[in-house]
Each structure stands twice: as C-alpha cells, then as structure tokens.
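Hi,

Here is the structure I promised to pass on.

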Amino acid sequence: MHTTIRSLKKINSWALVGLSVVSAVIITDLLTIVISLIVWGRVPVELLVMGTIAATVVPSILAPILIYLVRRTASLEDINQELYREISERKKAQDALRQANWVVENSPVMFFRWKAVEGWPVELVSENVVQLGYTPQDFLAGSVPFAALVHPEDLDRVAREVQDYSARGVDRFRQEYRIITQDGKTRWVDDRKVIERDAGGQVTHYQGIVIDITDRKQAAAEREKLIAELEIKNKELERFTYTVSHDLKAPLITIKGFLGFLEQDALAGNVDRLKADTHRINEAADKMQRLLGELLELSRIGRMMNPPQQVPFEIVVREALDVVHGRLKARGVRVEIAEGLPTVYGDRARLVQVVQNLVDNAAKFMGDRPEPCIEIGTRGSDSGGQPVFFVRDDGIGIDRQYHERIFGLFNKLDAHTEGTGVGLALVKRIVEVHGGRIWVESEGVGKGATFCFTLPRNRDY
C-alpha cells in the first residue's frame, strides 16, 4: 500500500510538469507560426496583433489552472499521507487482533455463549473447543448442546446452582464440575459464568469462560492422598513407639528381676534355681533380640531392596516352603500348590518372605486338625490386571472384627502364642511396596482363613 501511494504522488507531480511543458510548447509554436506567416506576407497585421494578444492571454489563463493543479496535488499528497497512516493503524490493529486470536485459540481457555433454555443450546463458541474432540460446528448446528458436555453425575448440581444464582440476581459466579469429551474421557473444568438479562430482568443467555483444571484437580487429589497417608503413618509411628517401648520393657524387666534372683541364689548356693534364673534371662534376651531383628527388617523394607526381576511365582513358593519345612513336618501339614502360577516382577527375596510368613502363620494357627492342609494358588486378576494369589488354611479361623487389626504392628490376637506380632505387618509392608494389596477372608472362628494378595506382573510399581 505504501508503494501505491508513492506511485500516486509521482503521477500527480509528473502530470503537472507535463501540462506546463505542453502549454509552453503550444504558445511558442503558435507565435512562431504567426510570425512566419507575417514575414512571408501572408498574414495581415491584425492577425499579428491577435497572436500577440493570444500569447499574452493564454499564459494568464493557464497560470491559475497550473496553480490550482499544484495546490490540488499538494492536497492529494496530504490525503494520501493520511490514508497511509490510517491503513498502517488498521494493519497494526489487524495484526494485534490476529495475535490475540492465536493466543486464545491455542490456550486451554474456551469461550461459550448459550441460551437460557432447556439443554443450553450454544450460540457462540471459540475455535479451541477442538481440545474436547468437538468442532465449533457441532455446537452451532445444534447437535451438541452445552448440557451434553456436563458429566451426568454433576449436571443436576450445576443446573441447581445456575438456577439459584439467577433467581438471587447474581450475574457473575464460578462453578467447578466434570465434563465428558467427545472420546468419552472425563475432564475437570473451572467455569466463570456471566448471566445476560433483557430489559425486564429475565435471563436470556449465559456466557462461560471454561478452563481445563484436570491437572490441578489430580495434583490436589494426590496431595490429599499423601496427607492421608502421612496421617496414617504418624498414627502407626505413635503406635509403634508405644508398643516398642512396652514390648522391649517387658523382657528388660524380666532380665532385671531375675538378675536379682540370680544374685540371691548364687549367695545361697542354690544351683537348680541358678539354672532356672539363667534360663529365664536367656529367654527374655532371645525375645528382645527377635523383636529388634524383626523391627530392623521392617524398617529396611522400601529402603533396602534387591534388584527386581521376573520370577515364576512357583519358584518363590518352593523356596519359602524349604525355609518353613521344619514346622510343617512337625505339625504334619500338607501343602497343595496350584499349577500354572503366573510370573511376577519384584524383589525375589522379599516375596519369599511374604509366602514364608503366611505359610508359617497358617501352620502355627492350624489348631488340632487331624490332617491339616494349606493351599497356595491364584484366582484371576484384580481390576488393575494384577494376579490375585492366596494362601488358604483350614485352621482356627479369624473373627471378622479382627480382619484389619491383624495386619497392625504387634497386634497379636493371642498374647500367649509365640512370635512378636510383626510378621503380618512385615508381609503387608512388602506387598504394598510392590504396588499390591493384601487382605484376609474368614467366615469366623473354626472356619479357616484365606490370605489374599496381589503382585505386579511387570514393571508397574
């Protein structure tokens, strides 16, 4: 455009110069012809006078014309400059608008305007609605009303809130809800609404600036989950501290008490009492050592792990049975292993600990069954695709009220049984570190118990 204006300026200037030259040439030629004719005697003196007058008058007539043309040209140049400035400003405005449109269309912020009638048909929508899998034409053609975007579980709440705000005269408000994309995925949005009313105050339209906040919601959910887990861990730590102090205090009191008896019996020369005192002190020391060893082992889980590997679960079971072979033989327990156990991915040594503790626990609480039996197998997969393993016994069973408690640290259902109460807590911790979960199923006392747990097949924990 700038080049075109400069061309117009040049044309006007050259036109003025050309007109001046042509005028001078015409006058000169006219005078030359008249003078020649007079010299040759072919023109009367009157004609010479007329030619002289013409030569004088014509420039006086052309002069105002030339002055007008000069002024007109200058005026056109001013007009052209003003036009150029206007065109430049319009171009800048268009560039700014184009840039603003680019920002809007490439941002997660979507704009909707819909009618305040059933279904909320859309009248205006931004191009970047394609991020939901739809095109603007899908909405503008009426095939997709705005209400169709809102998640069915949130639609009633959103509609009630809109109606309440409208009835109370609130024209600006904010809502958070879920929407369904064209491919069926669920996304969270933050909707900043503006209500439009007619002269009579009736609601006619709604405008919404809709922002995808799914990532923010997921982060908030993760934060809440971590906070909940930390609260659980803090409670476990409190219980752990109390229980450890209590359980460690008991053998220490025993040792201290029998050391006093040992001194008395030594002074009295009572050898039999000395042996009994020494035996009780050894038992207390052994219990403390077992307790400290299991606590140390529990603290290492999640921090000190062996390199994970793919391992057939049957190999894990066989290694665990070798460890508890003595107890199984002493109790006369028969173990049945299902065929076709899947391969799992994890710390092989820790997984052996899981099966070892569960089998040892089952054998310990078998009761007086004449032919006790333990079954180890699998029963399909959970909702996440992880195989579900089980260790089932036909022993004394577990009352339903204790199904969760038994996995707590030091939570022994029978204080007189052997062990420290760390075993099942250890099992639970190992399973959870592998990304699985564990639970117990039992119909009650005398009905046996089934411990179920999941483990990953691949590297997904």
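Trp-120 is buried, at a relative accessible area of 11%, where buried means under 20%, exposed means over 50% and partly exposed is in between, using a 1.4 Å probe and protein chains only. Before I go on: this is a predicted model, in which local features need pLDDT of at least 70 and side-chain atom pairs count only at pLDDT 80 or more, while totals for chains, interfaces and linings use all residues. Residues are numbered from 1 along each chain as its sequence is written, and side-chain values use heavy atoms, with hydrogens and water left out.

Back to Trp-120, which sits in the loop between β1 (109-115) and β2 (122-125). Helices (H or I, at least four residues) and strands (E, at least two) are DSSP runs, numbered from the N terminus. What is the phi of Trp-120 like? It is positive, about 55°, although Trp-120 is not a glycine. As background, most residues other than glycine have a negative phi. Gly-119 also takes a positive phi, near 85°, in the hairpin of β1 and β2, which has six residues between the strands.

Trp-120 also belongs to an aromatic cluster, together with Phe-112, Trp-114, Tyr-134, Phe-139, Phe-146 and Tyr-206. Rings of Phe, Tyr and Trp (its six-membered ring) pair if their centres lie within 6.5 Å; planes under 30 degrees apart count as stacked, over 60 as edge-to-face and the rest as tilted.

**The strands around β1**

Two strands pair if DSSP finds at least two bridges between them. On that basis β1 pairs with β2 in the antiparallel sense over three bridges, and Trp-114 has Val-122 in β2 as its bridge partner. β1 also pairs with β5 (residues 203-212), again antiparallel, over seven bridges. Along that pairing, Lys-115 stands opposite His-205 and Phe-111 stands opposite Ile-209.

β5 in turn pairs with β4 (residues 186-197), antiparallel over nine bridges, with Lys-193 opposite Gly-208. The hairpin of β4 and β5 has five residues between the strands, and Gly-201 in this hairpin takes a positive phi near 90°.

**The largest core**

A nonpolar core here is a set of buried Ala, Val, Leu, Ile, Met, Phe, Trp, Tyr and Cys residues joined through side-chain atoms within 4.5 Å. The largest one has 38 residues, and Phe-313, Leu-358, Val-359, Ile-374, Phe-451 and Phe-453 touch the most other members. Two or more residues each come from α7 (313-323), α9 (348-364), β9 (373-381), β10, α10 (423-433), β11 (438-441) and β12. The largest share, eight residues, is from α9. There is also a second, separate core of 24 residues, including Val-144, Leu-149, Val-150 and Phe-173.

Which residues does Leu-358 touch? Leaving out residues up to four places away in sequence, they are Val-391, Leu-424, Val-427, Ile-438, Phe-451 and Phe-453; contact means heavy atoms within 4.5 Å. In α10, the buried residues are Leu-424, Ala-425, Leu-426, Val-427, Ile-430 and Val-431. Just after α10, Gly-435 has a positive phi of about 85°.

Ile-337, in strand β7 (residues 334-337), touches Val-317, Arg-318, Leu-321 and Ile-376, again not counting residues up to four places away in sequence. Ile-337 and Val-317 are 20 residues apart in sequence and 8.3 Å apart in space, C-alpha to C-alpha.

**Rings and charges**

The count comes to 13 aromatic pairs. One of them is stacked, because the rings of Phe-389 and Phe-453 have their centres 5.7 Å apart and their planes at 25°. Phe-389 lies in β10 (residues 387-393) and Phe-453 in β12 (residues 449-454), so this pair ties together parts that are 64 residues apart in sequence. Phe-389 is buried at 0% relative accessibility, and Phe-453 is buried at 1%.

A charge sits over a ring if NZ of Lys or CZ of Arg is within 6 Å of the ring centre and within 35 degrees of the ring normal. The charged end of Arg-392 sits over the ring of Phe-390, 4.3 Å from its centre, and that of Arg-437 over the ring of Trp-439, 4.2 Å from its centre.

**The chain overall**

The chain has 10 helices and 12 strands, and 31% of its 461 residues count as buried. Among contacts between residues at least 6 apart in sequence, 62% join residues at least 24 apart.

Cheers
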